[in-house]
Amino acid sequence: YNAMENSGYASASAKTDAAPPPPPPADIELSASSYKSKGKHGVILSWTGADSVDVYRGGSLRDEANTSGGFDDFIGAKGGATYEHQVCVAGSTLPEDCSNTTTTVF
C-alpha cells in the first residue's frame with residue numbers, strides 16, 4: 001500500500017545455504033623416546049600429520065604452536081616416574097584433533 005493505491009502481494013523466498021561439512025579429524029602420529037642427562041629425565045617427542053601443534057604432558061600445556069615437528073621435554077626429575085604426552089592441532093580443544101598418547105616410564 002502507498003499513497004496512490006494498493007499493490008499486489010510480493011512473493012518472498014529465502015534460501016539458507018547448508019553449513020559446510022566439518023574438516024576431517026587430524027591424523028597426528030606421536031612417538032616418544034626417553035633419555036637421562038646427569039640422571040634427570042627427558043623425553044624427545046616427534047610427530048607427523050600436523051603443521052602446528054600444542055604439546056601436552058599429563059594434560060598440561062608444555063609448548064604452544066610448535067611448528068618444528070619435535071620437542072625436547074626435559075623434565076629434570078630423578079628416580080622412577082611415568083609421563084604421558086600428547087600433541088593437538090594448535091588452538092584446538094577437540095579430541096579428534098589430537099594424537100595418540102605416549103607413555104614413558106623411567
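Start at valine 43, which stands opposite aspartate 73 in β5. Two strands are called paired here if DSSP finds at least two bridges between them. The strands themselves are DSSP runs of E, at least two residues long, while helices are runs of H or I with at least four residues, and both are numbered from the N terminus.

A word on ground rules before going further. This is a predicted model, so local features need pLDDT of at least 70 and side-chain atom pairs count only at pLDDT 80 or more, while totals for chains, interfaces and linings use all residues. Residues are numbered from 1 along each chain as its sequence is written, and side-chain values use heavy atoms, with hydrogens and water left out.

Now step back to the whole chain. Among contacts (heavy atoms within 4.5 Å) between residues at least 6 apart in sequence, 53% join residues at least 24 apart. Of the 106 residues, 24% are buried; buried means under 20% relative accessible area, exposed means over 50%, and partly exposed is in between, with a 1.4 Å probe and protein chains only. The chain exposes about 7,300 Å², with carbon and sulfur atoms supplying 51% of that. Those areas come from the Shrake-Rupley method with a 1.4 Å probe, and for residues only the protein chains shown count as cover.

Back to β2, this time looking at its other partner. Strand β1 (residues 29–37) and strand β2 (residues 40–48) run antiparallel and are joined by 9 bridges. Serine 33 is a handy landmark, standing opposite isoleucine 44 in β2. The two strands form a hairpin with 2 residues between them. Lysine 38 sits in that loop between β1 and β2, and has a positive phi of about 55° although it is not a glycine. With 79% relative accessibility, lysine 38 counts as exposed.

Alanine 65 has a positive phi too, about 55°, and is likewise not a glycine. Its place, though, is in strand β4 (residues 60–66), and at a relative accessible area of 42% alanine 65 is partly exposed.

Leaving out residues up to four places away in sequence, it touches Val43, Ile44, Leu45, Trp47, Val55, Arg62, Asp63 and Asn66.

Next, the aromatic rings. A search of the whole structure finds 2 aromatic pairs. Tyrosine 35 and phenylalanine 74 are stacked, with ring centres 6.4 Å apart and planes at 25°. This pair links distant parts of the chain, with tyrosine 35 in strand β1 and phenylalanine 74 in strand β5, 39 residues apart. Both are partly exposed: tyrosine 35 has a relative accessible area of 24%, and phenylalanine 74 has 39%. Tyrosine 83 and phenylalanine 106 are edge-to-face, at 5.8 Å centre to centre and 75° between the planes. Here tyrosine 83 lies in strand β6 and phenylalanine 106 in the segment after β7, 23 residues apart. Tyrosine 83 is buried at 10%, whereas phenylalanine 106 is partly exposed at 22%. As for cut-offs, rings of Phe, Tyr and Trp (its six-membered ring) pair if their centres lie within 6.5 Å; planes under 30 degrees apart are stacked, over 60 edge-to-face, and the rest tilted.

Finish at serine 92, in the loop between β6 (82–89) and β7 (102–105). Is serine 92 buried or exposed? Serine 92 is buried, with a relative accessible area of 14%. Its side chain makes a polar contact with the side chain of aspartate 97, at 2.7 Å. A polar contact is a pair of N or O atoms within 3.5 Å; within protein, one must be able to donate a hydrogen and the other to accept it, and residues adjacent in sequence count only if both atoms are side-chain atoms.
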